[in-house]
Amino acid sequence: MQPPNHHRPLKQLLADYKHGYSLEQDFYKSPEVYRAEMQQIFLKHWVLAGHTSQLPNAGDYFLFEFDVESVIVVRTKDGSVKAHMNVCRHRGSRVCLEKQGTAQALVCPYHAWTYDLDGSLMGARQMADDFDKSVNGLHPVHLKMVGGLIFISLAENPLSLDTMFADLENVFDLFGFDNMKVAHHQSYAIDANWKLAVENYQECYHCAPSHPEFAKIHAMAGSPAKFQACKESYLASLDAAAASTKTKTRESNAYFDLAEAGDEGYQYGRNPLLQGALSGSHNQGPVAPLLGKLEGYDGGASEFMLGPMSYFLIYDDHMLAYRFTPTSIDTCKGDLYWFVRSDAVEGKDYDKEKLTWLWDVTIKADEEIIVNNQKGVNSHFYAPGRLSDMEYFEQHFLNWYLQAIGSYK
Ligand code: FES
Ligand SMILES: [Fe+2]
């Protein structure tokens, strides 16, 4: 046991980590660890900021925020999407205060410096003659589109996405990543360190006890042996059914500890649903029009991850995106987005309640177990516990995480 408020140095925590076990308490409590995470993870990696369908018109914007950072994602007058730091170049005020809105220009509420939607400084009142507006635009943020998904990176030199794009081009084409819209977006505040939320999403060991609804639909909630057998027969059935083979896109795993230096990590795979299930819904039936080029349901769902914070689950007729971001050392936020085909009409082609039911129920259950996890981790009696075989991906995540913060200076 340690005296309260005493945290062991990061170096020592890293050296003492025992493979196959959960992390020590200080990984969730120490300000030094949190600073390392911000620098090595959140200010370096690509993260989902939102989707173009949230910005239909010029001047539409939304904020993407984590920890102390705030980014304005905006549709400019020429129709492109840009991202700028929400930090005024005068004395640093937030420029946009609303989480989303529409503006002709971005006007700082403090002394009214006025920025064009593209970030350049247009007007600064009563400034000296030698003041150069051209070098005082809002700090630009790197932005890449994955279909209509908007990814941003706060790094000076962002990790490359080239390998990922080349590898998964057929996946984006098949599921129509260019042809989706956000049907619903919901934020869930979680009173826990962000890692407890992300770690929970790396494993399905908890699915059977915590998610009866999910476990009725997804084979992965079963034992590893059962799941593996189910997956093999599912993939064999895709081979046999010519019409469905398109969804049997190759598994790709360059994620977490496996990504090449300089590349962003990602992972893609397709998994079986349980017998007869077509989609993630109350009655396991369809909830929206088929995505992209799919011609029918094949009883599976794909998982896609890009960077350590953004996760996607692609059913044949809708896609979910999850993102976990820290709001402080011991609080975080889960954001869920539900996507449907861009031409699907609410009330006619899909019912929002039916579409969102499974994952709203699931994330609420997750929120509860994650918060309970944090409460136990806070105890003086918490000690790292042995991981199960069903938590192998959690181990991948921990390997990557330790490696990522290990180079913190
Ligand atoms: S801080 Fe923005 S105009 Fe002064
Ligand atoms: Fe869960």
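Ala, Val, Leu, Ile, Met, Phe, Trp, Tyr, Cys and Pro are counted here as nonpolar, Asp, Glu, Lys and Arg as charged, and the others, Gly among them, as polar. On this basis, the lining of the largest pocket in the structure, which is a predicted model, comprises 18 nonpolar, 13 polar and 7 charged residues. The volume of the largest pocket is about 780 Å³. Its lining is made up of 38 residues, of which Gln202, Cys204, Met220, Glu303 and Tyr392 lie closest to the centre of the pocket.

At least two lining residues are supplied by each of helix 8 (224-240), helix 9 (352-377) and helix 10 (392-406). Strand 13 provides the largest share, with 5 residues.

A disulfide is a covalent bond between the sulfur atoms of two cysteines. The structure holds 1 disulfide, and this bond joins cysteine 204 to cysteine 207 with an S to S distance of 2.0 Å. The torsion about the S-S bond is about -110°, and the disulfide is therefore left-handed.

Residues with a relative accessible area under 20% are classed as buried. Cysteine 204 is therefore buried, as its relative accessible area is 9%. Cysteine 207 is likewise buried, at 4%. Cysteine 332, by contrast, is in no disulfide, and the nearest cysteine sulfur, which belongs to cysteine 207, is 18 Å away. Cysteine 332 also counts as buried, because its relative accessibility is 2%. A further buried cysteine is cysteine 108, with a relative accessible area of 4%.

The strand formed by residues 331-341, strand 17, is mostly covered, since 9 of its 11 residues are buried. Strand 17 pairs with two strands described here. With strand 11 (residues 180-190), strand 17 pairs in the antiparallel sense over 10 bridges. In this pairing, valine 182 stands opposite phenylalanine 339 of strand 17. Strand 16 (residues 319-328) is also antiparallel to strand 17, and these two strands are paired over 9 bridges. Here arginine 323 stands opposite aspartate 335 of strand 17. Strand 16 and strand 17 together form a hairpin, with 2 residues between them. In a regular strand, the side chains alternate between the two faces of the sheet.

Terms used: Residues are numbered from 1 along each chain as its sequence is written. Chains are lettered from A and ligands numbered from 1 in the order in which they are written. This is a predicted model: local features need pLDDT of at least 70, side-chain atom pairs count only at pLDDT 80 or more; totals for chains, interfaces and linings use all residues. Side-chain values use heavy atoms; hydrogens and water are left out. Buried means under 20% relative accessible area, exposed over 50%, partly exposed in between (1.4 Å probe, protein chains only). Helices (H or I, at least four residues) and strands (E, at least two) are DSSP runs, numbered from the N terminus. Two strands pair if DSSP finds at least two bridges between them. A disulfide is a pair of cysteine sulfur atoms within 2.5 Å. On a 1 Å grid over the protein atoms alone, a cavity is a set of points where a 1.4 Å probe fits but cannot get out, and a pocket is an open set with protein on both sides within 12 Å along at least five of seven lines; lining residues have an atom within 4 Å of a point. Grid points are joined across faces, edges and corners, and a volume is the space filled by probe spheres set on the points.
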